[in-house]
Amino acid sequence: MSTVAPVIKRPAKRSQGRPAPELIFGDLWQFDPAPETADPKLKARYELFINGKFVAPSSGKYFDSINPANEQKLTEIAHGNAADVDAAYAAAKKAFDHTWGKLPGKERAKYLYRIARLLQDRAREFAVAETLDGGKPIKESRDFDVPMAAAHFFYHAGWADKLDYVAPGRKVAPLGVVGQVIPWNFPLLMLAWKLAPALAMGNTVVIKPAETTSVTALKLAEIFQDAGLPPGVVNIVTGFGDTGAAIMGHATAAKVAFTGSTEVGKIIMRSLAGTDKKMTMELGGKAANIVFDDAPIDQAVEGIVNGIFFNQGHVCCAGSRLLVQETVADEVLAKLKNRIRTLRVGDPIDKNTDIGAINSKEQLHTIEKLVAAGVKEGATMYQPPCKLPTKGFYFRPTLFSDVSMSSRVAREEIFGPVLSILTFRTLDEAIEKANNTAYGLSAGVWTDKGSRILKMSTELKAGVVWANTYNKFDPTSPFGGYKESGFGREGGRQGLLDYCKLV
Ligand code: NAP
Ligand code: MG
């Protein structure tokens with residue numbers, strides 16, 4: 001920490017009845033930069049990972065992956081096409097028929113445990129790579145993404161030899177080859193959510209990470225090699241444009257699992273209608289975080305901040321709509337303003353940073369466009385006066401109050417650090433407003449009363465309801481949506497059931 005003391009503006013002579021000192025939050029606790037220094041061990045170029053080997057794409061084409069914190073090129077990534085996707089499915093089919101699909105569960109478990117342990121061994125390296133490639137604060141990739149990814153492999157390793165108990169009274173069997181496509185907001189964690197249950201159940205996989213965040217997937221492929229995972233069990237085809245559609249539509253896929261936007265999810269569902277492929281869709285969200293007047297307000301404010309500003313709001317289940325009971329609305333808003341003035345926005349590799357870089361220029365434009373729409377529609381905007389780095393993609397934490405239910409900022413997924421605040425008077429009004437959305441992924445409830453928590457969690461049409469906390473995850477808990485947030489579950493016994501057939 002530097003020796004610079006917090007700046008406190010004091011009137012010259014306080015004894016003359018002038019106001020109490022005013023804290024200038026933006027200047028509080030100046031820290032020296034504390035960048036995480038672990039070597040991310042990046043290659044200058046990443047190839048496709050097919051049949052256990054890194055191979056050049058058949059097109060010979062590569063695209064750049066940049067660091068959104070400074071817009072500099074980090075590495076380049078192979079652009080896979082339909083021919084590469086064919087090769088990946090052929091390898092996966094062979095592995096399913098001859099090795100992985102034939103292995104007893106207790107043998108598969110050994111590989112999954114090995115992958116989890118090797119990931120733990122290289123945790124800091126992976127955290128730095130994730131932060132450089134995607135822009136999330138290092139304290140999140142270090143304390144959340146990487147440990148949770150390892151936890152998913154551990155948890156599913158534990159299931160692999162106990163699958164006789166996953167559907168009581170029934171036997172289960174793997175589906176075959178599974179095609180998977182994931183987004184950029186939790187690149188390694190979404191990969192683990194997809195791979196671990198599929199592999200534990202005995203399926204083999206062809207998977208595509210998002211265009212802007214392929215690095216940690218390909219680093220995990222190094223771990224697959226070190227773990228001795230049989231060739232073809234996991235195949236990673238990077239790319240953009242048609243690559244994802246080629247994976248989702250491939251004739252060999254017995255099941256497809258997609259996480260991404262509702263818009264793309266609908267395109268995939270339309271294109272697969274009439275086929276016999278099993279499908280799971282984890283799509284967008286517009287969660288309500290609901291604060292009653294008996295809630296512990298300071299804790300709720302921390303939960304609201306964590307709910308929307310965690311990972312720059314690049315979270316499908318972000319608590320992006322705050323519903324606050326009218327009697328405490330002013331107090332909550334004042335406390336929220338104070339709290340977000342202390343958030344540090346800046347270089348994500350710095351261990352002090354709370355809000356890192358927006359993942360891409362396109363996403364930054366989307367956020368700016370929706371925020372401008374909020375202002376135009378008459379909502380009151382508040383942003384703290386923090387300085388933003390001159391290079392890179394950044395956005396200030398933003399509050400919108402006086403928001404109407406019909407406003408775009410109350411209805412559309414912004415996927416950025418932007419909170420829309422609405423008020424309610426009664427419990428019924430809170431339920432009605434919370435459910436008045438096309439989405440249904442998650443919700444939060446803040447109250448002192450257990451009975452109210454039970455009532456709300458029954459009435460809210462959301463896959464996950466957190467009570468007096470927010471954004472808590474565990475591999476044992478199924479996660480997934482209602483309505484346009486998709487169908488199918490990831491995590492827990494329910495997640496495993498989406499990767500098997502009952503026999
Ligand atoms: P996106 O645009 O839908 O892209 C997701 C993935 O789909 C990317 O890998 C993308 O490839 C690929 N893709 C694009 N068009 C495709 C097509 N026609 N067929 C097959 N694949 C295609 O979403 P995003 O912007 O990356 O991610 C943000 C969204 O994901 C948000 O809506 C968020 O709520 C949702 N999300 C949901 C969950 C959940 O569990 N419910 C979790 C995380 C995120 P390219 O990158 O090459 O375009
Ligand atoms: Mg990148």
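Trainee: How many nonpolar, polar and charged residues are in the lining of the second largest cavity?

Mentor: This is a predicted model. The lining of the second largest cavity has eight nonpolar, five polar and three charged residues. Among the lining residues, Arg321, Ala434, Thr437, Gly440 and Ser442 lie nearest the centre of that cavity. Arg counts as charged and Ala as nonpolar, while Gly is placed among the polar residues.

Trainee: What is known of the largest cavity, in volume and in lining?

Mentor: The volume of the largest cavity is about 100 Å³. Its lining has 13 residues, and Phe186, Met190, Trp193, Cys316 and Phe473 are those nearest the centre. By class, the lining of the largest cavity divides into 10 nonpolar, one polar and two charged residues. Helix H5 gives the most to this lining, with three residues.

Trainee: How do you know which domains the lining of the largest cavity draws on?

Mentor: The domain assignment gives domain 1 (45-283) and domain 2 (288-467). The lining of the largest cavity draws at least three residues from each of domain 1 and domain 2. The centres of the two domains, taken over C-alpha atoms, are separated by 30 Å. Their contact takes 24 residues from domain 1 and 28 residues from domain 2.

Trainee: H5 came up in that cavity lining. Why is the packing of H4 with H5 called roughly parallel?

Mentor: Helix H4 (residues 138-160) and helix H5 (residues 187-201) pack at an angle of about 5°, and their axes are 9 Å apart. Angles under 35 degrees count as roughly parallel, so H4 is roughly parallel to H5.

Trainee: Which residues make the contact of H4 with H5, and how do they divide by class?

Mentor: On the H4 side, the contact includes Phe144, Met148, His152 and Phe153. The H5 side includes Leu188, Ala192, Trp193 and Pro197. By class, the contact has 14 nonpolar, two polar and one charged residues.

Trainee: What makes the largest pocket a pocket and not a cavity, and which residues lie nearest its centre?

Mentor: A pocket is an open set of points, whereas in a cavity the probe cannot get out. The largest pocket has a volume of about 1,400 Å³. Of the 50 residues in its lining, Pro183, Trp184, Ala210, Ser261 and Val264 lie nearest the centre.

Trainee: Which element gives the largest share of the lining of the largest pocket?

Mentor: Helix H8 does, with seven residues. Elements that each supply at least two residues include strand E6 (62-67), helix H7 (243-248) and helix H11 (361-376). The lining divides into 22 nonpolar, 17 polar and 11 charged residues, and at least three residues come from each of domain 1 and domain 2.

Terms used
Residues numbered from 1 in each chain as written. Chains lettered and ligands numbered in written order. Predicted model: local features only at pLDDT ≥ 70, side-chain atom pairs only at ≥ 80, totals over all residues. Heavy atoms only, no water. Axes fitted to C-alpha atoms, helices over the stretch in contact; angles between N-to-C directions. Helix = DSSP H or I, 4+ residues; strand = E, 2+ residues; numbered from the N terminus. Parallel < 35°, antiparallel > 145°, perpendicular 65-115°, else oblique. Contact = heavy atoms within 4.5 Å. 1 Å grid on protein atoms, 1.4 Å probe; cavity = no way out; pocket = protein on both sides within 12 Å on 5 of 7 lines; lining within 4 Å. Points joined across faces, edges and corners; volume = space filled by probe spheres on them. Domains from an automatic or database assignment.
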